[in-house]
Amino acid sequence: MSLIEQMGKDIVTAMKEKDQLKLSVLRMVKGAIQLENINNKKELNDELFIDVVSKQIKQRNESYEEFSKAGRSDLADKVASEIEILKGYLPEQLSSEEVNK
(Lines give C-alpha, C1' and ligand atoms only; values in the text may rest on other atoms or scores of the structure.)
Protein backbone atom coordinates (compact mmCIF):
# COMPACT_ATOMS: atom_id res chain seq x y z
CA MET A 1 0.00 0.00 0.00
CA SER A 2 1.37 3.40 -0.94
CA LEU A 3 1.79 6.18 1.58
CA ILE A 4 -0.88 8.24 -0.17
CA GLU A 5 -3.39 5.38 0.15
CA GLN A 6 -2.42 4.98 3.82
CA MET A 7 -2.98 8.68 4.41
CA GLY A 8 -6.44 8.41 2.83
CA LYS A 9 -7.35 5.57 5.17
CA ASP A 10 -5.98 7.51 8.13
CA ILE A 11 -8.15 10.50 7.17
CA VAL A 12 -11.24 8.28 7.26
CA THR A 13 -10.14 6.81 10.61
CA ALA A 14 -9.53 10.29 12.06
CA MET A 15 -13.02 11.33 10.96
CA LYS A 16 -14.57 8.29 12.61
CA GLU A 17 -12.61 8.84 15.82
CA LYS A 18 -13.30 12.60 15.72
CA ASP A 19 -9.57 13.34 16.03
CA GLN A 20 -9.71 16.94 14.80
CA LEU A 21 -5.97 17.65 15.08
CA LYS A 22 -4.91 14.62 13.05
CA LEU A 23 -7.69 15.19 10.55
CA SER A 24 -6.72 18.81 9.94
CA VAL A 25 -3.01 17.94 9.59
CA LEU A 26 -3.72 15.15 7.11
CA ARG A 27 -6.07 17.33 5.10
CA MET A 28 -3.40 20.05 4.89
CA VAL A 29 -0.88 17.49 3.65
CA LYS A 30 -3.37 16.13 1.12
CA GLY A 31 -4.00 19.66 -0.16
CA ALA A 32 -0.27 20.37 -0.39
CA ILE A 33 0.27 17.15 -2.35
CA GLN A 34 -2.53 18.01 -4.77
CA LEU A 35 -1.15 21.53 -5.19
CA GLU A 36 2.34 20.18 -5.89
CA ASN A 37 0.86 17.72 -8.37
CA ILE A 38 -1.05 20.44 -10.24
CA ASN A 39 1.60 23.18 -10.17
CA ASN A 40 4.62 21.07 -11.07
CA LYS A 41 2.88 18.29 -12.97
CA LYS A 42 4.56 15.74 -10.74
CA GLU A 43 3.30 12.18 -10.54
CA LEU A 44 1.51 11.17 -7.35
CA ASN A 45 3.87 8.68 -5.75
CA ASP A 46 5.61 7.97 -2.45
CA GLU A 47 8.59 10.17 -3.38
CA LEU A 48 6.33 13.21 -3.84
CA PHE A 49 4.51 12.35 -0.61
CA ILE A 50 7.74 12.18 1.41
CA ASP A 51 8.97 15.43 -0.17
CA VAL A 52 5.76 17.28 0.74
CA VAL A 53 5.65 15.85 4.28
CA SER A 54 9.29 16.87 4.81
CA LYS A 55 8.50 20.42 3.71
CA GLN A 56 5.49 20.52 6.04
CA ILE A 57 7.65 19.38 8.96
CA LYS A 58 10.27 22.02 8.14
CA GLN A 59 7.60 24.75 8.10
CA ARG A 60 6.20 23.58 11.40
CA ASN A 61 9.67 23.44 12.98
CA GLU A 62 10.15 27.09 12.03
CA SER A 63 6.74 27.95 13.48
CA TYR A 64 7.56 26.04 16.66
CA GLU A 65 10.76 28.05 17.14
CA GLU A 66 8.94 31.35 16.58
CA PHE A 67 6.12 30.46 18.97
CA SER A 68 8.62 29.33 21.60
CA LYS A 69 10.57 32.58 21.31
CA ALA A 70 7.34 34.56 21.62
CA GLY A 71 6.33 32.66 24.76
CA ARG A 72 3.25 31.11 23.12
CA SER A 73 3.54 27.65 24.61
CA ASP A 74 -0.08 26.81 23.68
CA LEU A 75 0.63 27.26 19.97
CA ALA A 76 4.07 25.68 20.26
CA ASP A 77 2.53 22.56 21.82
CA LYS A 78 -0.05 22.32 19.02
CA VAL A 79 2.65 22.61 16.36
CA ALA A 80 4.77 20.00 18.17
CA SER A 81 1.80 17.61 18.08
CA GLU A 82 1.39 18.25 14.34
CA ILE A 83 5.08 17.49 13.79
CA GLU A 84 4.73 14.16 15.60
CA ILE A 85 1.77 13.21 13.42
CA LEU A 86 3.71 14.06 10.26
CA LYS A 87 6.85 12.20 11.38
CA GLY A 88 4.76 9.03 11.47
CA TYR A 89 4.56 9.18 7.67
CA LEU A 90 8.28 9.49 7.03
CA PRO A 91 10.52 6.46 6.64
CA GLU A 92 12.59 5.59 9.68
CA GLN A 93 15.82 7.59 9.84
CA LEU A 94 19.15 5.83 10.06
CA SER A 95 20.95 6.05 13.38
CA SER A 96 24.42 7.59 13.49
CA GLU A 97 25.92 4.11 13.93
CA GLU A 98 24.21 2.86 10.79
CA VAL A 99 25.40 5.90 8.85
CA ASN A 100 28.99 5.30 9.96
CA LYS A 101 28.84 1.69 8.77
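Start by selecting Asp10, which sits in helix α1 (helices here are DSSP runs of H or I, at least four residues, numbered from the N terminus). Before you click on, note that this is a predicted model, where local features need pLDDT of at least 70, side-chain atom pairs need 80 or more, and totals for chains, interfaces and linings use all residues. Numbering runs from 1 along each chain as its sequence is written, and side-chain values use heavy atoms, with hydrogens and water left out.

Asp10 is buried (under 20% relative accessible area, 1.4 Å probe, protein chains only). Yet Asp10 has no salt bridge, meaning a Lys or Arg side-chain nitrogen within 4 Å of an Asp or Glu carboxyl oxygen. The nearest side chain of opposite charge is Lys22, 4.8 Å away.

Now show Tyr89: its side chain makes a 2.3 Å polar contact with that of Asp10 (N or O atoms within 3.5 Å, one able to donate a hydrogen and the other to accept it).

Next, select α3, residues 46–69. At 1.5 Å a residue, its 24 residues should span 34 Å, and the end C-alpha atoms are 35 Å apart, which agrees. At the N-terminal end, Asn45 is the cap, with a side-chain oxygen 3.2 Å from the backbone nitrogen of Glu47. Just past the helix, Gly71 has a positive phi of about 80°.

Which helices do the buried residues of α3 pack against? Color α1 (3–17), α2 (20–40) and α4 (73–87) to see them.

Finish on α4, where the buried residues include Ala76, Glu82 and Leu86.

Conventions: Helix = DSSP H or I, 4+ residues; strand = E, 2+ residues; numbered from the N terminus. Expected span 1.5 Å × (residues − 1). Contact = heavy atoms within 4.5 Å. Buried < 20%, exposed > 50% of the residue type's maximum accessible area, 1.4 Å probe, protein only. Lys, Arg positive; Asp, Glu negative; His and termini not counted.
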